[in-house]
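User: I'd like to talk through this chain with you before I set anything up. Could you start with the surface and then move on to the charged pairs?

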Amino acid sequence: ANDLELVPLLLGDGSTSGTNKGVMTVGKAAPVTKSRIEELFRTYANTGVQEVFDVSGGSQRWHIKPTELGGSNNTYSRAVWSMCQTYGLNGIACKFKKLPDQVYSLPNKQLAIFVSRLIDTDGWICLANTAEIGYSTASKELADGVVALFLRLGVAAELKSKTSTCK
């Protein structure tokens, strides 16, 4: 059950490449998402959490890093790392992220949980004049996958592109 929440959170706000493997970045305006990530990390295979509040670059955000209990703060959680390997998330730069194959076989109820966690990260829901649900990603393959998930759940979806600075 934790995988259904952690995998989409890592896809959206997590770093699975470079020196920040498994680190989640959450904006200051998302305290519910931050507390849920911390809870998931703590309960996922008894993983500890290291938090760093960052105000660099004019933004305010939390970096939440899963660590091995009993290890130093520089010891990444083997449980989270293993989960990333299982779902093919390790070493993937933002523009190459994609939905794990396992997601497509989830029952609709579990798929809805997965999609809601994706929206918690890089998505939005707007209920102004018309209802709109959206998701932003630098990855064309991830965007195509999210459109497919929306359609499977009965949500009309279309893909729009714009220039990205993601490397």
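**Surface and charged pairs**

Analyst: The chain exposes about 9400 Å², of which carbon and sulfur atoms supply 52%; accessible areas come from the Shrake-Rupley method with a 1.4 Å probe, and for residues only the protein chains shown count as cover. This is a predicted model, in which local features need pLDDT of at least 70 and side-chain atom pairs count only at pLDDT 80 or more, while totals for chains, interfaces and linings use all residues. Residues are numbered from 1 along each chain as its sequence is written, and side-chain values use heavy atoms, with hydrogens and water left out.

User: And how much of the chain is buried?

Analyst: Of the 167 residues in the chain, 37% are buried, where buried means under 20% relative accessible area, exposed means over 50%, and partly exposed lies in between (1.4 Å probe, protein chains only).

User: What's the order of the elements?

Analyst: From the N terminus on, they run α-β-β-α-β-β-α-α-β-β-α, with five helices and six strands in the chain; helices (H or I, at least four residues) and strands (E, at least two) are DSSP runs, numbered from the N terminus.

User: OK, salt bridges. How many are there?

Analyst: The count comes to three salt bridges, a salt bridge being a side-chain nitrogen of Lys or Arg within 4 Å of a carboxyl oxygen of Asp or Glu.

User: Which residues are linked in a network?

Analyst: Salt bridges link Glu5, Arg117 and Asp120 in a network. Between Arg117 and Glu5 the closest N and O atoms are 2.8 Å apart, and this pair links distant parts of the chain, since Arg117 is in helix H4 (residues 108–122) and Glu5 is in helix H1 (residues 2–13), 112 residues apart. Between Arg117 and Asp120 the closest N and O atoms are 4.0 Å apart, and both residues lie in helix H4, three residues apart, about one turn of the helix.

User: Is Glu5 buried or exposed?

Analyst: Glu5 counts as buried because its relative accessibility is 9%, whereas Asp120, at 38%, counts as partly exposed.

User: What about Lys140, which residue does it form a salt bridge with?

Analyst: Lys140 forms a salt bridge with Asp144, their closest N and O atoms being 2.9 Å apart. The two are four residues apart in helix H5 (residues 140–152), so about one helical turn separates them.

User: Switching topic, which residues form the nonpolar patch on the surface?

Analyst: Ile125, Leu127 and Ile133 form that patch, with about 320 Å² of accessible area together. Patches are made of residues with over 30% relative accessible area and no salt bridge, like charges being joined within 9 Å and nonpolar side chains (Val, Leu, Ile, Met, Phe, Trp, Tyr) within 5 Å. Ile133 is in strand S6 (residues 131–135) and is partly exposed, with a relative accessible area of 40%.
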